[in-house]
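Here is a short briefing on one protein model. Read it with the sequence and the 3D view side by side.

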Amino acid sequence: MDDIAKRIKALSADPKINPNCVAVYGFSKGAELALLLGAHFDEINHVVSVMPSHVSWNAVKTLSSRSSWMLSGNALDYIDAPLLSWKMQKGNVTGEFTPAFEAALAEATPEAIAAARIPVENTNGPVLLVSAKHDEIWPSYKMAGYIEADLREASFSHPFKHIALNSGHYSFNKKVQTEVNQFLSETLVARCANK
């Protein structure tokens, strides 16, 4: 995350870039990253998170349990959904990985959840969430609900919206993109005009 943030900071400092118009847009694991970047770096002022998570998870490209992200040289706390667990391996056959993530959340202590929680309320601008009610990869609809609750509890001062699709993880289509574009038009474009 540190390397990505460095590049974003460099870009936002470029005189050709409008600093009011720095947005990140991520899908699935990238949605987790987009929320983390928005929560930790003021240069980012718009976040679109498609199939999001309210917490940081373990790295998905390694069998060992470790954090996905580093911030200021330190590994972020995370919830571990072990890749070698029975529920995760079963997903390789059924295509349903959500039970493994739900089990990991259910087994995590409140302290672990709090430590791994993405502090979305620190985001310096509008937040758009797109989730799936029948997500087969991870419980994006439920996790987006937690994010919404956190933003409301913090009296978040920027616009935010949650588009809940009545479908699965990979159901994002042109119609949904049109809704995303509408949100960005109402928030990003308006803010970009105020350089």
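Helices here are DSSP runs of H or I with at least four residues, and they are numbered from the N terminus. With that in hand, note that this is a predicted model. Helix H3, residues 86-94, gives the most to the lining of the largest pocket, with three residues.

**Largest pocket**
- The volume of the largest pocket is about 320 Å³.
- Its lining includes Ser28, Lys29, Val60 and Leu83.
- Met88, Gln89 and Asn92 are also among the lining residues.
- Phe97, Phe101, Ile137 and Trp138 line the largest pocket too.
- Sorted by class, the lining has seven nonpolar, three polar and one charged residues.

**Open sheet**
- Four strands make up an open sheet, and their order is S1-S2-S5-S6.
- The pairing in this sheet is parallel.
- Strand S1 (23-27) and strand S6 (160-165) are the edge strands, and each pairs on one side only.
- From one strand to the next, the twist averages 5 degrees.
- S1 pairs with strand S2 (residues 46-50) over five bridges, in the parallel sense.
- Phe27 stands opposite Val50, which is in S2.

**Helix on the sheet**
- Helix H2 spans residues 29-40 and lies across S1, S2 and strand S5 (127-132).
- Relative to S1, helix H2 runs at about 155 degrees.

**Aromatic pairs**
- Ring centres must lie within 6.5 Å to pair, and by this rule the count comes to five aromatic pairs.
- Why does the pair of Trp57 and Trp138 tie together parts that are 81 residues apart in sequence? Trp57 lies in the loop between S2 and strand S3 (70-71), while Trp138 lies in the loop between S5 and helix H6 (140-153), so the pair links these two parts.

**Around Ala75**
- Ala75 lies in strand S4, residues 74-75.
- Which residues does Ala75 contact, leaving aside its neighbours within four places in sequence? They are Ser67, Trp69 and Met70.
- Ala75 and Pro119 are 44 residues apart along the chain, and their C-alpha atoms are separated by 16 Å.

Technical notes:
Residues are numbered from 1 along each chain as its sequence is written. This is a predicted model: local features need pLDDT of at least 70, side-chain atom pairs count only at pLDDT 80 or more; totals for chains, interfaces and linings use all residues. Side-chain values use heavy atoms; hydrogens and water are left out. On a 1 Å grid over the protein atoms alone, a cavity is a set of points where a 1.4 Å probe fits but cannot get out, and a pocket is an open set with protein on both sides within 12 Å along at least five of seven lines; lining residues have an atom within 4 Å of a point. Grid points are joined across faces, edges and corners, and a volume is the space filled by probe spheres set on the points. Ala, Val, Leu, Ile, Met, Phe, Trp, Tyr, Cys and Pro count as nonpolar, Asp, Glu, Lys and Arg as charged, and the others, Gly among them, as polar. Two strands pair if DSSP finds at least two bridges between them. Axes are lines fitted to C-alpha atoms, for helices over the stretch in contact, and angles run from 0 to 180 degrees between N-to-C directions. Contact means heavy atoms within 4.5 Å. Rings of Phe, Tyr and Trp (its six-membered ring) pair if their centres lie within 6.5 Å; planes under 30 degrees apart count as stacked, over 60 as edge-to-face and the rest as tilted.
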